[in-house]
Amino acid sequence: MNKNNNLHKCKDCNSFDSIYQKSAYSFDETNLGICALNQEIVEKEHICKFYKTRVKQVETITPEHIDAVIEDVQELEKIFYNFDC
């Protein structure tokens, strides 16, 4: 079993920031990026032992959010069913 199969690529690392190149109408992503841990420029497909997974963005739903959604739904019911309250 090859040891490199178990390592992750830099493009999926939390410490990797892509480098963009300016074109005529937009910014195009290049195959290079900056590694914050090694402080060097690396390729996207580079394999490193300092890999850190990206933090997943989790949004917490509070009772205040649910109350706001309930109020919005009630307002929509009034609009669609022509209730005068």
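Two strands count as paired here if DSSP finds at least two bridges between them. With that in hand, here are some close-ups of this predicted model.

**View 1. Strands β1 and β2 side by side.** β1 and β2 run antiparallel and are joined by 6 bridges. One spot to look for is Lys22, which sits opposite Phe27 in β2.

**View 2. The β2-β3 hairpin.** Next, follow β2 (residues 27-35) into β3 (residues 40-43): the two pair in the antiparallel sense over 4 bridges. Together β2 and β3 make a hairpin, with 4 residues between them. In that turn, check Gln39, whose phi is positive at about 55 degrees. Along the pairing, Leu32 faces Glu43 in β3.

**View 3. The sheet as a whole.** As a reminder, strands of a sheet pair through backbone hydrogen bonds, whether parallel or antiparallel.

**View 4. Helix α1 and what follows.** Now for the helix: α1 covers residues 63-81, which is 19 residues. From the first C-alpha of α1 to its last is 27 Å, close to the 27 Å expected at 1.5 Å a residue. Just past the end of α1 comes Asn82, with a positive phi of about 55 degrees. When picking out side chains, keep in mind that an α-helix has 3.6 residues a turn, so residues three or four places apart point the same way.

Notes: Residues are numbered from 1 along each chain as its sequence is written. This is a predicted model: local features need pLDDT of at least 70, side-chain atom pairs count only at pLDDT 80 or more; totals for chains, interfaces and linings use all residues. Side-chain values use heavy atoms; hydrogens and water are left out. The expected span of a helix is 1.5 Å times one less than its number of residues.
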